[in-house]
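Biologist: I have not looked at this one before. Can you walk me through what sits inside it?

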Amino acid sequence: MASVLVVEDDQFVRSALIRHLTEAAHTVRSVGTALEALREVAHVGFDVVILDLGLPDLDGGEALKMLRGITDVPVIIATARDDEADIVRLLNDGADDYLIKPFSVEHLSARMAAVLRRSRSAAAGAEPPSRVIRVGGLSIDPLRRQAELDGVTLDLTRREFDLLAFLAGRPGVVVPRRELLAEVWQQSYGDDQTIDVHLSWLRRKLGETAAKPRYLHTLRGVGVKLEPPR
C-alpha cells in the first residue's frame, strides 16, 4: 500500500492513526515534532505525510513550508483550526488537502486515497502535451509547467497551475465544479470551498477579483470558465 509519516504530538491521536493505518496495510512511521519530521522526510521516501499543526517545537504551517523546500511528497494537514484564512494559507503554502479534527477514519482513508491516486497518476501517467496554450495574454506550457501573463512569469502552486491549465485548455467552456474536482483534484466528491480557495488565489495572481473578473468567470450554480478579456 502506502508509506505514511504521521506527524502528531498527541499520543492518543497518534496511536489511533498508527493503528488505523497499519490495519489498512500501510507502512507507518511517526514522530512528534517538526524537526523530527524534516529529518525523516530527508532520509526516507514517503508516499504521504499527515501533518498536525499544533506541534511543540514549530507551528505545523512553518513545518509545511520547510517540507516543501525539500520534497514534493503529498501532505495532508490534520488540524482543529477551521478558520478560512488559515486554510487558504496552508493550501497556498503547498498542502495537498486538509482535515478538520475530529474526523473519522473513513474520512481520512478517502482523502488519503484521493491524494495518493493523484500523486501516482502524475508520476506514472502520460507525458503532458508539449504545445503551449494561449488565451489572451496568458501563455501556459504544460510540459515545462510554466505560465506567463503578458510576458511575466506567474508564481503558481502545483494545484493553481493544474487548475489554470485545465480551464485554459477549454477556453470559453463552462466547466462544472464536479468536473474540476474529478479532473484537477482526482476526487469524486469534495468541498466547494477547496475550489473557491484556489480560484481566489489564482485570480489574485492574474490581477483580478471575483467582482471584476478578466479571465476567470464563475457562473453561480453552474461552474467556472476561462476566456480572454473583452
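Modeller: This is a predicted model. A place to start is Leu180, which touches Leu163, Phe166, Leu167, Val175, Trp185, Ile195 and Val224, leaving out residues up to four places away in sequence.

Biologist: Which residues touch the most other members of the largest nonpolar core?

Modeller: Leu164, Leu180, Leu206 and Leu226 do, in a core of 28 residues. Elements that each supply at least two residues of this core include helix H6 (158-168), helix H7 (177-183), helix H8 (192-205) and strand E12 (223-226).

Biologist: Where does the largest share of this core come from?

Modeller: From H6, with seven residues. There is also a second, separate core of 26 residues, and Leu53, Val75, Val88 and Tyr98 are among its members.

Biologist: Back to H6. Is Arg159 buried or exposed?

Modeller: Arg159, which is found in helix H6, counts as buried because its relative accessibility is 9%, and the cut-off for buried is under 20%.

Biologist: What is Arg159 in contact with?

Modeller: Setting aside neighbours within four places in sequence, Arg159 is in contact with Asp96, Arg118, Val184, Trp185 and His198.

Definitions and conventions
Residues numbered from 1 in each chain as written. Predicted model: local features only at pLDDT ≥ 70, side-chain atom pairs only at ≥ 80, totals over all residues. Heavy atoms only, no water. Core = buried A, V, L, I, M, F, W, Y, C linked by side-chain atoms within 4.5 Å. Buried < 20%, exposed > 50% of the residue type's maximum accessible area, 1.4 Å probe, protein only. Helix = DSSP H or I, 4+ residues; strand = E, 2+ residues; numbered from the N terminus. Contact = heavy atoms within 4.5 Å.
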